Amino acid sequence: MTALLVLAVAAAGGVGAVARFVLDGALRSWLRVGFPIGTTIINVTGSFLLGLVTGLALAHGLPPEWRAVLGTGFLGGYTTFSTASYETVRLAQQRRYRAALVNGVGMLVLALAAAGLGLWLGQLAGQT
């Protein structure tokens with residue numbers, strides 16, 4: 001691990017966090033609902049993209065440095081499991097148990113499905 005790689009992962013993480021912040025703010029202003037839809041969309045798209053990057057890496061031999069910058073850096077900064085957990089707990093504290101269940105379990109199922117789809121598509125692209 002080189003200092004340049006560490007700096008690249010840190011910079012990509014910062015860009016990913018800014019992308020999450022901007023997208024979540026835009027979604028909140030467009031979709032005024034009492035459900036944390038922004039966090040769900042961000043985590044599902046991030047899971048899909050990480051699956052895609054991993055699939056492409058496996059199929060095309062993407063260097064580990066690029067996987068670290070894109071996966072750990074950008075997508076690590078972009079996705080937010082801690083926010084999703086907090087929002088699920090807040091829904092439960094507000095006695096919105098159904099919304100808490102849908103948010104917690106729904107996001108997990110959707111994120112896993114999106115990651116699997118991305119991985120499959122990435123590997124499929126390597127076969128063509």
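Predicted model: local features only at pLDDT ≥ 70, side-chain atom pairs only at ≥ 80, totals over all residues.
## Packing of H1 against H2

Helix H1, which covers residues 3–30, and helix H2, which covers residues 37–60, have axes that come within 9 Å and cross at roughly 135°. The crossing in which H1 passes H2 is right-handed.

On the H1 side the contact is made by Arg20, Leu23, Asp24 and Leu27, and on the H2 side by Gly38, Thr39, Ile41 and Ile42. Sorted by class, this contact of H1 with H2 consists of four nonpolar, two polar and two charged residues.

## Packing of H1 against H3

H1 also packs with helix H3, residues 64–78, where the two axes come within 6 Å and cross at roughly 35°. The crossing of H1 and H3 is right-handed.

The residues of H1 that make this contact include Leu5, Ala8, Val9, Ala12 and Gly13, and also Arg20 and Leu23, while those of H3 include Glu65, Ala68, Val69, Thr72, Gly73 and Tyr78. By class, the contact of H1 with H3 holds twelve nonpolar, five polar and two charged residues.

## The largest pocket

The largest pocket has a volume of about 300 Å³, and of the 20 residues that line this pocket, Asn43, Ser47, Phe81, Met107 and Ala111 are the closest to its centre. At least two residues of the lining come from each of H2, H3, helix H4 (81–93) and helix H5 (97–127), with H5 giving the largest share, seven residues.

In terms of class, the lining of the largest pocket is made up of nine nonpolar and eleven polar residues, with no charged residues.

## The second largest pocket

The second largest pocket holds about 240 Å³ of space. Its lining has 16 residues, of which Arg28, Gly34, Phe35, Pro36 and Glu87 lie nearest its centre, and the elements that give two or more residues to this lining are H1, H2 and H4.

Here the lining divides into seven nonpolar, four polar and five charged residues, whereas the lining of the largest pocket has no charged residues.

Note on methods. Residues numbered from 1 in each chain as written. Heavy atoms only, no water. Axes fitted to C-alpha atoms, helices over the stretch in contact; angles between N-to-C directions. Helix = DSSP H or I, 4+ residues; strand = E, 2+ residues; numbered from the N terminus. Left-handed = near helix turned anticlockwise from the far one by under 90°. Contact = heavy atoms within 4.5 Å. Nonpolar A, V, L, I, M, F, W, Y, C, P; charged D, E, K, R; others polar. 1 Å grid on protein atoms, 1.4 Å probe; cavity = no way out; pocket = protein on both sides within 12 Å on 5 of 7 lines; lining within 4 Å. Points joined across faces, edges and corners; volume = space filled by probe spheres on them.
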